[in-house]
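Open the model in your viewer and have the selection tool ready. The stops below go one by one.

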Amino acid sequence: MTAGLLGYSAYLPGRRIGKNRVVASYDEDSTTMALTAAVELRQRCEDWRPAALYFATSTPAYADKTNATAIHAALGLPRNVIAADLVGNGRSSFAAIIAAASTEGLVVGADVRVGRPGSSDEKLGGDAGAALLFGDDREPIAEILATASRTDEFLDRWRLPTAVTGEQWEERYGATHYSALIREVAEEALDEAGVADVEHVALACPNSAVLKRAATLVKGQKSVISSPAGFSGSVDMMVALAAVLDNAEPGEHILVLSATDGCDALLLRTTTALPNARQATPVAEQRTAGTSVPHLTYLSWRGLVELEPPRRPEPDRPAAPPAGRSVAWKFALTGARCLDCGFVHLPAIEVCRSCGGRNVTERVRINDRHGTVSSYTVDHLAFSPSPPMVQAAVDVDGGGRFMVEIADADPERLSVGARVRFVFRRLFTAGNVHDYFWKAVLIDGQ
């Protein structure tokens with residue numbers, strides 16, 4: 001049985017270079033962006049219980065380690081839920097979607113796209129994350145009507161595993177192949193479903209010549225959307241689909257096309273459940289938001305230039321045993337409540353510091369809650385890849401207080417009483433080990 005689409009979410013990070021190039025911050029990577037999209041989706045999906053987790057990316061934070069397990073831990077999924085990486089280009093996302101639709105699973109994806117300074121890749125790319133949830137236990141927001149695929153081997157875009165930036169053959173060569181594949185696969189998917197026309201088309205392709213003529217290759221009566229965040233690699237088709245779902249009406253058809261080393265098609269029909277299940281912030285609104293970052297700073301984040309490092313000792317490599325013991329806190333931001341007096345401990349401890357009792361057993365996950373800054377400090381001396389480091393004591397809604405770093409910090413905007421939410425970020429990397437934890441960000445509008 002093929003499950004329907006129950007929910008979706010797209011995440012565009014808040015940094016920009018130039019006028020509108022979407023870029024991830026220094027402490028964001030494919031793992032953190034995919035999780036951010038998944039957390040937003042979980043908050044809107046009642047009775048969340050994916051049977052599998054598939055993570056699609058072409059820029060994994062680790063090789064020889066499953067990156068999806070960090071997302072699994074942060075979401076607090078049961079241990080019997082499989083978590084797997086599908087590393088590659090857009091075909092990885094399509095494969096993940098097909099797998100999730102067969103297993104009632106969750107698909108997450110994200111990419112950090114890096115181009116040579118001044119190149120078209122740098123200008124036209126975009127960093128993004130997205131999440132799609134499939135299931136058959138409630139009315140879906142969209143039903144899968146048909147799929148179709150073609151595989152073709154030709155050289156258009158490639159990147160060596162050891163390279164930071166990619167390469168591309170002369171665009172017209174790849175465009176000729178993709179144009180024929182797109183038309184062929186689109187026709188097959190529509191014929192299989194018995195559909196003559198579609199209202200919306202979401203097209204993903206790494207070849208910019210194809211994107212320029214997208215509307216002439218395949219027709220959408222209302223919209224043809226491609227790379228709404230800039231070309232975002234493996235997650236591009238998911239972000240384009242999210243942008244369509246932000247505006248589509250019930251009963252409309254959406255043709256999703258991913259043209260990468262062949263072409264894959266997914267034909268959907270929206271339902272009456274869609275209007276009440278849209279993501280909180282549409283892709284278009286996320287696209288127009290953001291704060292500018294100096295180009296030189298951005299290049300240093302991607303390792304393309306080396307700035308003078310902080311004149312402080314670098315942190316030690318995170319050790320596996322303590323990280324393993326604190327998974328519930330480190331990844332899922334889970335504390336404990338004392339059942340005798342109600343005091344919330346962040347992180348969990350065995351003896352209540354309020355009443356001294358040992359009945360501190362109720363687990364409390366706070367990563368989807370908000371909080372209030374009770375005090376903060378701006379530290380210009382602490383080691384940070386992007387100084388200064390801003391840390392705050394945050395009172396969490398519903399109980400509990402802990403010290404946390406402020407992400408994307410603008411000290412001029414921060415104040416006691418400011419409202420914050422929590423995001424999963426990378427604190428630092430030492431000895432080739434990424435140290436992940438949660439940070440706080442100011443809630444929009446402050």
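**First stop: the core**

Select L75, L106, V108, F402 and W438: of the 55 residues in the largest nonpolar core, these touch the most other members. A nonpolar core here is a set of buried Ala, Val, Leu, Ile, Met, Phe, Trp, Tyr and Cys residues joined through side-chain atoms within 4.5 Å. Buried means under 20% relative accessible area, exposed over 50%, and partly exposed in between (1.4 Å probe, protein chains only). Now colour α1, which gives the largest share of this core, seven residues. Helices (H or I, at least four residues) and strands (E, at least two) are DSSP runs, numbered from the N terminus. Domain 1 (2–300) and domain 2 (322–440) both give residues to this core, so the core lies between them. The domain bounds come from an automatic or database domain assignment.

This is a predicted model: local features need pLDDT of at least 70, side-chain atom pairs count only at pLDDT 80 or more, and totals for chains, interfaces and linings use all residues. Residues are numbered from 1 along each chain as its sequence is written, and side-chain values use heavy atoms, with hydrogens and water left out.

Zoom in on L75. Leaving aside residues up to four places away in sequence, L75 touches L35, A38, V39, R42, W48, L106 and R365. Contact means heavy atoms within 4.5 Å. Another core, of 43 residues, lies apart from the largest one; select L12, V107, A229 and L266 among its members.

**Second stop: the two domains**

Colour the domains separately. Their centres, taken over C-alpha atoms, are separated by 31 Å. The contact takes 19 residues from domain 1 and 22 residues from domain 2.

Which residues lie nearest the centre of the second largest pocket? Select Y11, R421, V441, L442 and D444, which are among the 45 residues that line this pocket. A pocket is an open set of points on a 1 Å grid over the protein atoms alone, where a 1.4 Å probe fits, with protein on both sides within 12 Å along at least five of seven lines; lining residues have an atom within 4 Å of a point. Go back to α1: six residues, the largest share of the lining, come from there. Each of domain 1 and domain 2 gives at least three residues to the lining.

**Last stop: G14**

Find G14 in the loop between β1 and β2. At 35% relative accessibility, G14 counts as partly exposed.
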